[in-house]
Amino acid sequence: MQGAVPPTTPAQEIREFGLAALESSLFHLSLGTIQRPLLCTSASKLLSPSDTTTPSSLVQKSTLHTSAGNQSWERPRGPRKWLVNNQTKFEPTPFGEQERPAYVCHVKENIKYSPDKMWYVACLVRGMKIDDAIHQLQFVHKKGAVAVREALEEAQELAVRNHNVEFKSNLWVSESFVGKGLVIKGFRRHARRRFGQVKYKHCHYFVTLEEGEPPEHYYPNSRKLTPQEMLEEWLESKRQRTIPMSL
C-alpha cells in the first residue's frame, strides 16, 4: 500500500526524543553567549561527522549579557581606602603661616612576592629622597626591589601631574610599608602518595611621597645621641633615682 507510514520502533522514538532534548539544550546555551555566537545546528547533523556545512539561517546571535550579574556580587579585591587620601581637601593656609607640603599616596597591588621579604626593601627607602631611593634600589639584588622602584617612579609622576608638585626631585619617602595580598593555595606531591600544601603569596606595597626636604632623623627616638645629650641623660637618671634609708 503506497503512502503508508511505517510504524516506528521504540528505539527510533528514544532517538528522536534525545535529539529534541539536545537541540533545546543547545538553544539555551546560545542565549548565554557574549559576543561569541553558538552554531545551533540540528542534533542529527551534529551526530553525523560527514556533514560539516551549517546553514546561515541556523546561526543565532544573542546580545543577552549574563556574566555582569555574577561579577557584581563578587567581593572587591585589593586595598580600597589608601588612595582615598589623595582626595582629601584642606582649608587654605592662613597668611603668614608655613604652607602645607603636598603629598601623594600610591599603591602597587598583588605583587608576586612574599610580604615578609618585601618588608626589608620597604624599610630601606623609608625617609630617603626620591632620587636617592631609586638609585639605591638599582643595586638591591632582590625581586621586590624592582616592584618598589616602579611604584616610586609611578608615584613621582602622579605627584607632578595631578598634585601640583613643581619639581619632581623635591620629594621624599615619608611612608613605605607592605600589606598582605592574595594567597593562592596549592598542593605538592611527596613520597608514598602524600601531599603537602603550598602557599603562593602576594603583597601590596604602599608609599607616600611628600614635598620638601626629609628630616635629619626619621626615627628620632633611636638616633645616636651626642656627647652632651648623653651627659644630660645620665645626670637626669641620677636625679630621679631613689636611695633607701636616706633623708
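Trainee: Among contacts between residues at least 6 apart in sequence, what share joins residues at least 24 apart in the protein?
Mentor: The share is 67%. A contact here means heavy atoms within 4.5 Å. This is a predicted model, in which local features need pLDDT of at least 70 and side-chain atom pairs count only at pLDDT 80 or more, while totals for chains, interfaces and linings use all residues. Residues are numbered from 1 along each chain as its sequence is written, and side-chain values use heavy atoms, with hydrogens and water left out.

Trainee: How many helices and strands does the protein have, and what pattern do they follow along the sequence?
Mentor: There are seven helices and five strands. The pattern is α-β-α-β-α-β-α-α-α-β-β-α. Helices (H or I, at least four residues) and strands (E, at least two) are DSSP runs, numbered from the N terminus.

Trainee: What makes two strands a pair?
Mentor: DSSP must find at least two bridges between them. β3 and β5 (residues 195-211) are joined by seven bridges, so they meet that condition.

Trainee: In what order do the three strands stand in the open sheet?
Mentor: The order is β3-β5-β4, with antiparallel pairing. β3 (103-111) and β4 (171-189) are the edge strands, as each pairs on one side only. On average, neighbouring strands of this sheet are turned by 15 degrees against each other, direction ignored. The axes behind such angles are lines fitted to C-alpha atoms, for helices over the stretch in contact, and angles run from 0 to 180 degrees between N-to-C directions.

Trainee: Which helix packs on the sheet?
Mentor: Helix α4 (residues 115-124) does, and it touches β3, β4 and β5. The direction of α4 makes about 165 degrees with that of β4.

Trainee: Which residues of β5 stand opposite K108, I111, S176 and V183?
Mentor: K108 faces Y205, and I111 has C203 as its bridge partner. S176 is opposite V207, and V183 is bridged to K201.

Trainee: What makes a group of residues a nonpolar core?
Mentor: The members must be buried Ala, Val, Leu, Ile, Met, Phe, Trp, Tyr or Cys residues, joined through side-chain atoms within 4.5 Å. The largest such core here has 26 residues, of which M118, L152, Y205 and L209 touch the most other members. At least two residues each come from β3, α4, α5 (130-137), α6 (143-162), β4 and β5. With seven residues, α6 gives the most.

Trainee: Which residues does M118 touch, leaving out those up to four places away in sequence?
Mentor: M118 touches I111, Y113, G144, A147, V148, V178 and C203.

Trainee: Why is C105 called buried, and what is C123 called?
Mentor: Buried means under 20% relative accessible area, exposed means over 50%, and partly exposed lies in between (1.4 Å probe, protein chains only). C105 has 4%, so it counts as buried. C123 has 23%, so it is partly exposed. Of the 247 residues of the protein, 23% count as buried.

Trainee: How many disulfides does a search of the whole structure find?
Mentor: The search finds zero. To count, a pair of cysteine sulfur atoms must be within 2.5 Å. In general, a disulfide is a covalent bond between the sulfur atoms of two cysteines.

Trainee: How exposed are N110 and N164?
Mentor: N110 has a relative accessible area of 36%, so it is partly exposed. N164 has 70%, so it is exposed.

Trainee: Which residue takes a positive phi in the hairpin of β4 and β5?
Mentor: R192 does, with a value near 55 degrees. That hairpin has five residues between the strands.
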